[in-house]
Structures are given as structure tokens and as C-alpha cells.
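Subject: Structure handover and findings

Hello,

Here is the structure for your set. My notes follow below it.

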Amino acid sequence: MNADFYNTIKEPSTAEFKDRGSKFIAFAYPINSIDDFKNYRAQLKKEHPKANHHCFAYRLGTDGNNFRVSDNGEPSGSAGRPILGQIDSRELTNILIVVVRYFGGTLLGVPGLINAYKTSAALALEQSVIIQKPVLISYRLQFDYMLMNEIIKSIKQYGCEIFKQELQLFCLMEIGIPKNKHAAMLNILNDIKGLELSKIG
């Protein structure tokens, strides 16, 4: 995988898989933080309060260390890991897949569950458009409002993303600089008089 870019999905998608009366509904979401994951999971629990299980896997970042799986009451290793396997087989990150299960009365056994969670996650990913996004390095900018035009111009020129902004007489901005344009953008920002720049994380 190119260290300057990563693959994720463009927008949420959903798919359904049935086996012996049990219904598995998979929801795939692009996420940027653990907060995004918590919000989507809470939303699905509200939308599907009668479901027997809400199993999930997510992966964040490009170092391979930030991921989590949950079997949510299913036999250990039968749900979260197969879902993560589908994410990893497509080399995706910044993605969450939740599979909501409604039990149909027939036990599927561990092999049956692995197949059901794996298949429903794969079907949701088949519905998704996979996109490549630049790896971003986050910075906090603090500056006088007079510098706004110059800073916004550089942000647009170098394809940076604005995560947060508070614009008053004294402005605060949190941005992500694409890794492949990092050095060039830093040179520009360091030349702006009166701009305080600090790396986040």
C-alpha cells in the first residue's frame, strides 16, 4: 500500500444475507475517528433494538494497529474477525462494518456463523465505491483574522482538509495536510508572519 494514500469507501452502504431463518444486515460506513464509530453504533442500536446481536469490526489509520472487533454475544471468533477479514482482504481503512443479526430459531454453528458474517460484510462492500484518499497529517493553526485569505489560499492550493475552525478576530483552525505535500505546505505556513503552528497527535 502506498504510504501517502489509503483506500476507504466513499459513502455508507448496506446489504442483507439470510441463512436458515436468521437475517444478517450489514452496514458499512466510512469513519475518521472512534467517535464516528460510537455514533453509528448507537444509531443502529436505536434503529434495530430487537436484533439479537450487533457485531462489528473497524479499522482506523494506516499503521495497522488501530482496529477493534466484537462478537457481541456470538461464539468467540465467529463474527468480528470474519468481518475484519473482509475489510483487510480489500486493504481498506477508516471503515466500520456493523452486522445486525435477527435470530431465526435455527442454530447455525460456528462455521455457519463465520460464513454468514463474512458474506454479509462482503456484500456490503460490493455495494460500496472504493476511493483512494491522501494520508493527512494534522496541525493546529492560530492566527489573526487579517491572515485568513492567505491561509485559505494555501489550504486550497495544497488540497488540505479543514477539520475545525473558529473564526473571530483571533482564529483557530485544525487542518489535515496531505502527506505527499507536507514539506511544501509547511514551508509556506512557516513563512507566514504571525501564524502559530503546532502538530496534533
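Which residue stands opposite Tyr139 in β11? Lys199 does. The model is predicted: local features need pLDDT of at least 70, side-chain atom pairs count only at pLDDT 80 or more, and totals for chains, interfaces and linings use all residues. Residues are numbered from 1 along each chain as its sequence is written, and side-chain values use heavy atoms, with hydrogens and water left out.

**Strand β8**

Strands (E, at least two residues) and helices (H or I, at least four) are DSSP runs, numbered from the N terminus. β8 covers residues 136-144. Four bridges join β8 to β11 (residues 196-199), and the two run antiparallel. β8 also pairs with β10 (residues 170-178), antiparallel, over nine bridges. Pairing requires at least two DSSP bridges between two strands. Arg140 has Glu174 as its bridge partner in β10.

The covered face of β8 holds Ile137, Tyr139, Leu141 and Phe143. Leu136, Ser138, Arg140, Gln142 and Asp144 make up the uncovered face. In a regular strand the side chains alternate between the two faces of the sheet.

**Glu74**

Glu74 sits in the loop between β5 (66-70) and α2 (80-89). Its relative accessibility is 9%, so Glu74 counts as buried (under 20% relative accessible area; exposed is over 50%, partly exposed in between; 1.4 Å probe, protein chains only). Leaving aside neighbours within four places in sequence, Glu74 is in contact (heavy atoms within 4.5 Å) with residues including His53, Cys55 and Arg101.

**Aromatic rings**

The whole structure has six aromatic pairs. Rings of Phe, Tyr and Trp (its six-membered ring) pair if their centres lie within 6.5 Å; planes under 30 degrees apart count as stacked, over 60 as edge-to-face and the rest as tilted. Tyr29 and Tyr40 are stacked, at 3.8 Å centre to centre and 15 degrees between the planes. Tyr29 is in β3 (residues 22-30) and Tyr40 in α1 (residues 34-47), eleven residues apart. Tyr29 is buried at 6%. Tyr40 is partly exposed at 22%.

Phe37 and Tyr58 have ring centres 4.7 Å apart and planes at 50 degrees, so this pair is tilted. Phe37 is in α1 and Tyr58 in β4 (residues 53-60). Phe17, Phe24 and Tyr117 form one aromatic cluster.

Best regards
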